[in-house]
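Q: Can you walk me through this one? I have it open on my screen.

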Amino acid sequence: MTSHAAIPYGRQHIDEDDIAAVVAVLRSDWLTQGPAVPAFEAAVARAVGASHAVAVNSATSALHIACLALDVGPGDVVWTSPISFVASANCALYCGAQVDFVDIDPQTYNLSVDALARKLEDAHSTGRLPKVVIPVHLAGQPCDMQGIAALASRYGFRVIEDASHAVGASYQGEPVGSGRYSDITVLSFHPVKIITSAEGGMALTNDPQLARRMAMLRSHGITREPGEMTEAAHGPWYYQQTDLGFNYRMTDLQAALGLSQLAKLDGFVERRRALATRYDTLLAALPLVRPWQHAQGRSSWHLYIVRIPNDGKAGSHRQVFEHLRGQGIGVNLHYIPIHLQPYHRARLPDGFSLAQAENFYREAVSLPLYPGLEDADQDRVVAALEQALALLQAKS
Ligand SMILES: *Cc1c(COP(=O)(O)O)cnc(C)c1O
């Protein structure tokens, strides 16, 4: 046993000016629906080059209102990646639509554009084309968005980027969120992500109508703009419900934290990138697969995922995982393929299977990675991993 504290796989980085920003809101007139939310929206939109931003209480909510704004409903199908958090798929079900999955690329672990093209060809012949495709930038590495956009215009589907991991990432030299190749981009500010607002999310778009629609859905489907009402205002008190919306609002406390964190985004990503490069070097000689990076993208390094090849020995991946956890190294697995979740499996055809996603699941381990991870902590992770792999080899 070691006497060191446990190392988590990820954690937030909060300093005194983040705390001061939240306290300032507590002393102000507004805890919610004040000036901090629009300020945070404007700052994120400016940082990524998007025209409109709608802040909400989570990325899950953002995915929901993004699907609704694109008219996803009963009878529609939404496609996404199986290697993601369940929220990327659940948004379709919230709208009464069905969800289907496209297998991953074995190098990037993102939704495979080749698999997407093949599946679209089949769907075209059976008349079951998706209304929306949701590519997920796993670990912060951008998907092949140009390839996806080309298929979107050929087959007529809309695109929502789930960029929950990719705040601070770029693709073809432009920040993720610019919306060049999609209709809406969704960000998450959960504490484990790149920047945090405690809970929080945002939907970015360059389409003013989609932005307007999402802003209404965020707050009960209610408007106070006379131009958006179907009848004359009854008086100065009047507001009108024009759609069935929700209370998905972000508070000013959260927005103030998010805004303060945004100022540190570049530093956070730089530190994550340096740690990833350091892992690459330290792990180079070990029998595992390190993350592969596509030349067109620049990852925000939300996750550092290695694959422990099984070589047909069932259980070796689990042994490595358990050994590391036993040493106080908070490894994790991103993700259990969504189509293997019983809730989703029950809604998919019998025997539905995706070979690449399932191979990935048998081998993947996320190593600790966050801005506050010290080089010495990282050395401890590498030493424990080395030991775990040596134990495996001794057994075989
Ligand atoms: C974290 C995450 C979400 C959900 O984010 P919340 O802000 O917690 O709702 C959705 N998709 C992906 C890929 C995520 O990692």
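A: Start with helix α8: the cover over its buried residues includes α1, α2 and α9 (265–282). Here helices (H or I, at least four residues) and strands (E, at least two) are DSSP runs, numbered from the N terminus. Buried means under 20% relative accessible area, exposed over 50%, and partly exposed in between (1.4 Å probe, protein chains only).

Q: Before we go on, what kind of model is this?
A: This is a predicted model, where local features need pLDDT of at least 70, side-chain atom pairs count only at pLDDT 80 or more, and totals for chains, interfaces and linings use all residues. Residues are numbered from 1 along each chain as its sequence is written, and side-chain values use heavy atoms, with hydrogens and water left out.

Q: Back to α8. How many of its residues are buried?
A: In α8 (residues 252–262), 9 of the 11 residues are buried, so the helix is largely enclosed by the rest of the structure.

Q: Which ones?
A: D252, Q254, A255, A256, L257, G258, S260, Q261 and L262.

Q: Which residues have the most contacts inside the largest core?
A: I160, I184, L283, Y304, I308, L367 and L385.

Q: Take I160. What is I160 in contact with?
A: Leaving aside neighbours within four places in sequence, I160 is in contact with L63, A66, C67, L70, V132, V133, I134, P135, I184 and V186. Contact means heavy atoms within 4.5 Å.

Q: Which residues have a positive phi without being glycine?
A: Q33 is one, at about 55 degrees. Q172 is another, at about 50 degrees.

Q: Where do Q33 and Q172 sit?
A: Q33 is in the loop between α1 (16–26) and α2 (36–48). Q172 is in the loop between β6 (170–171) and β7 (174–175).

Q: Buried or exposed, that Q33?
A: Q33 counts as exposed, at 51% relative accessibility. Q172 is partly exposed, at 30%.

Q: And P309, what does P309 touch?
A: P309 touches P287, L288, V289, S316 and E363, not counting residues up to four places away in sequence. P309 is in the loop between β13 (304–307) and α10. At 30% relative accessibility, P309 is partly exposed.

Q: Zoom out. How many helices and strands?
A: The protein has 13 helices and 14 strands. Its radius of gyration is 22 Å, close to the 21 Å that the globule rule gives for 396 residues, so the protein is as compact as a globular protein of that length. That radius is taken over C-alpha atoms, and the rule is 2.2 Å times the number of residues to the power 0.38.

Q: How much of the protein is buried?
A: Buried residues make up 54% of the 396.

Methods. A nonpolar core is a set of buried Ala, Val, Leu, Ile, Met, Phe, Trp, Tyr and Cys residues joined through side-chain atoms within 4.5 Å.
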